[in-house]
Amino acid sequence: MKNIIFIAPPAAGKGTVSNLLKEKYKYNHISTGDLLRNVNKNTDLGKRVQEIMEQGQLVSDELVTELLKEKLKEIDGNFILDGYPRNITQANILDEILDELNINNIMAIYINISKEEAMKRALSRLICPKCKKIYNKFNDEAKPKKENICDNCGIELKTRDDDNEESFKVRFETYINNVKPILDFYKSKNMLKEVSSQTSNITFNMIEKLINEDKND
Ligand code: ADP
């Protein structure tokens, strides 16, 4: 089974689909956003990272790459990369890292979604601080059984500090400014597949189909 690189705007559903793939196919889910959110906030570095993320800007390539490299060395088995590469420099760096680690079975999946839909989702997203399950309070399929409480952990759900309109707009703009060269990069390597984001189950089914088609090639 191939390793997956997700390329998608903020709030397109990468995290939700990754969680579903992780459950069913035992993928390791590497989210650079989660790695950065886990940097100790009591350090100067942690405070700076938190500030950049809250503004919706990109953290330095060096720091994210360092965290990613550590994680890739630590895991065993197939992985989903969610949130990296976010610019063409990172796409080139990733290529080198994967070469060094002798990993060449990669599929890049582009999840397409309109800005309006992504913003709607970001502004109604809720996350369990413990198991990281992602909910959406205005979507019947994705809302928790009990208002504001995680179905799995029974604890209160939180909103992400960067899920506000101002930060979302910066994140989306940054994405638009960077995505084209990344897509061209993977297209030229014949690694690129595309799906359009729908409900999480439909998106999951489309991605599942891509993975299984590829397995049978
Ligand atoms: P979303 O996809 O909804 O924006 P993420 O959790 O993927 O959420 O990312 C949250 C924030 O983490 C980004 O806005 C950015 O500040 C930082 N970040 C995540 N991945 C990267 C990356 N590869 N390079 C630089 N910054 C990153």
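1. Start with helix 2, which covers residues 32–37. D34 and R37 are three residues apart there, so about one helical turn separates them. Their side chains meet in a salt bridge, with an N to O distance of 3.0 Å. Keep in mind while looking at this pair that the model is predicted.

2. Now move on to helix 3, residues 44–55. Here the pair to look for is E51 and R48, whose side chains form a salt bridge at 3.1 Å, N to O. Again the two residues sit three apart, so they are separated by about one helical turn. E51 has a relative accessible area of 42%, which makes it partly exposed. R48 is also partly exposed, with 45%.

3. Helix 6 has a pair of its own. K120 and E117 both lie in this helix, three residues apart, or about one turn. The salt bridge between their side chains spans 3.4 Å from N to O. Is K120 buried or exposed? K120 counts as exposed, because its relative accessibility is 56% and the cut-off for exposed is over 50%. E117, its partner in the salt bridge, is partly exposed at 28%.

4. Stay in helix 6, which runs over residues 115–123, and find R121. This arginine counts as buried, because its relative accessibility is 18% and buried means under 20%. What does the side chain of R121 reach at 3.2 Å? The answer is the backbone oxygen of A12.

5. It's worth checking what else surrounds R121. Leaving aside neighbours within four places in sequence, R121 is in contact with A11, A12 and G13, as well as I113, N136, S197 and Q198. A12 therefore turns up in two ways: in that set of contacts, and through its backbone oxygen, which the buried R121 reaches with its side chain.

6. Finally, a look at the wider picture. How many salt bridges does a search of the whole structure find? The count is 15. As a general point, side chains of opposite charge can pair when their charged atoms come close. Besides the pairs described above, there is a network of salt bridges to trace: it links R125, R160, D162, D163 and R171.

Key:
Residues are numbered from 1 along each chain as its sequence is written. This is a predicted model: local features need pLDDT of at least 70, side-chain atom pairs count only at pLDDT 80 or more; totals for chains, interfaces and linings use all residues. Side-chain values use heavy atoms; hydrogens and water are left out. Helices (H or I, at least four residues) and strands (E, at least two) are DSSP runs, numbered from the N terminus. Buried means under 20% relative accessible area, exposed over 50%, partly exposed in between (1.4 Å probe, protein chains only). A polar contact is a pair of N or O atoms within 3.5 Å; within protein, one must be able to donate a hydrogen and the other to accept it, and residues adjacent in sequence count only if both atoms are side-chain atoms. Contact means heavy atoms within 4.5 Å. A salt bridge is a side-chain nitrogen of Lys or Arg within 4 Å of a carboxyl oxygen of Asp or Glu.
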